[in-house]
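Dear colleague,

I am passing on the structure we talked about, and it is placed directly below. My notes on what was found in it follow, grouped by topic.

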Amino acid sequence: MKSVVSKSLSLVLSVLSVCLALPALANLQPAAVLDLPAKDKYLLVAEMETGRLYAFEKDNGMRLKKVAEYPISIGKQGYDKRIEGDAKTPIGVYRVTSHLTDAQLDDFYGRAAFPLNYPNAWDRLNGYTGSGIWLHGEPTDKKTRPLRDSDGCIVLSNEDIFKVQKYLDVGYTKVVSVPKVEWKDSNDIARSRSEITQAIDGWRKDWMSKSHNRYLSNYSKAFNDSEKNFAQWDSYKKRVNGSKRFIRVKLSDLGLYAYPGQDNLVMAEFYQDYRSSNFRSKGWKRQLWKKENGEWKIVYERGG
């Protein structure tokens, strides 16, 4: 009798434990995504180690809900692309740049393809080479597809590439490529989002203050925009900002990504509305922010 009671009690405790864990599990979000621009309804996350592509839908504010999952193949030599021809798939945050249809493609690429913007800013800053990284289908006569089977692209079945298409807004949708998806509590993500958002807003306000020292304090000594290093940026911005009687900056459609494979590096993108006494411009801007000695600093910035 004691044995039966003991087993029943263990079963009840196990069920209770699972039930108590459910809210926590439901609250987990992919750690690489801190915020999505207002325009972006969907996001794709490619998990290299398991060969899975996850589609997430923005739901209830910044919460991401997984809505689909597909098997993929990656580079023959694995992931973390650095060199042209290394047959590896890159790790990072990429944007779908175009859509190539069946009529535009060789059979090797299947029935549809979606080129990505590799190399992106982080890749170029680190001297990574190569090009032509796509999401695409497979040859029509393909019978089997192992995990490592491409020259660096992310490859799906022709049936799945058409299913994925409904989650893609060309020019906007991001594909986040990670070794393995890390999950964080949404409250932790909210705190990280708040911290980097405050840093970005501080930069915006310092820029509008027309205090060059305050403005420049937001930039890392390691800053490089692929054309200017920190000293050159210092000189350039001192001259440009000093010529303004006033500066007004508004930001919208903020996207924030905790960069995969890097510690304390965030990629930010936003739509910037800039107005000064002698110039007006609107357009997208991308920045890379890195935490240095407990403070967020800009290591890269460029419009377009």
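Which residue forms a salt bridge with lysine 205, and how far apart are the closest N and O atoms? The partner is aspartate 201, and the closest N and O atoms of the pair are 3.2 Å apart. Please bear in mind throughout that this is a predicted model.

The setting of that pair is helix α4, which spans residues 186-209; because lysine 205 and aspartate 201 are four residues apart in this helix, about one helical turn separates them. Lysine 205 is partly exposed, with a relative accessible area of 44%, and aspartate 201 is likewise partly exposed, at 27%. Elsewhere, salt bridges that share partners join Asp40, Lys174, Glu269 and Arg286 into one network.

Are the two partners buried or exposed, in whole or in part? Lysine 163 counts as partly exposed, at 37% relative accessibility, whereas aspartate 160 has a relative accessibility of 10% and therefore counts as buried, the limit for that class being under 20%.

A further salt bridge links the side chains of aspartate 86 and lysine 81, with an N to O distance of 2.9 Å, and here both residues are buried. In the structure as a whole, the count of salt bridges comes to 25.

For the charges of the protein taken together, the mean positions of the 49 positive and the 37 negative ones are 7 Å apart.

The peptide bond that runs from tyrosine 118 to proline 119 is cis, with omega near 0°, and proline 119 has its place in the loop between β9 (112-115) and α2 (121-125). Serine 226, a residue other than glycine, has a positive phi, near 80°; it lies in the loop between α5 (212-216) and α6 (230-242) and is partly exposed, with a relative accessible area of 45%. Aspartate 253, also a residue other than glycine, has a positive phi as well, with a value near 55°. Its place, however, is in a strand, namely β15 (residues 247-258), where aspartate 253 is partly exposed at a relative accessible area of 25%.

Another aspartate, residue 106, is found in the loop between β8 (100-101) and β9. Aspartate 106 has a relative accessibility of 54% and so counts as exposed, the limit for that class being over 50%.

Finally, the overall picture. The protein has six helices and 18 strands, and its C-alpha atoms fill a box of roughly 85 × 60 × 30 Å, taken along the principal axes. Of its 304 residues, 45% count as buried, and the accessible surface comes to about 15600 Å², with 50% of that surface belonging to carbon and sulfur atoms. Among the contacts between residues at least 6 apart in sequence, 60% join residues that are at least 24 apart.

Note on methods
Residues numbered from 1 in each chain as written. Predicted model: local features only at pLDDT ≥ 70, side-chain atom pairs only at ≥ 80, totals over all residues. Heavy atoms only, no water. Salt bridge = Lys/Arg side-chain N within 4 Å of Asp/Glu carboxyl O. Buried < 20%, exposed > 50% of the residue type's maximum accessible area, 1.4 Å probe, protein only. Helix = DSSP H or I, 4+ residues; strand = E, 2+ residues; numbered from the N terminus. Contact = heavy atoms within 4.5 Å. Areas by Shrake-Rupley, 256 points an atom, 1.4 Å probe, with all protein chains shown as cover. Lys, Arg positive; Asp, Glu negative; His and termini not counted. Charge placed at Lys NZ, Arg CZ, Asp CG, Glu CD.
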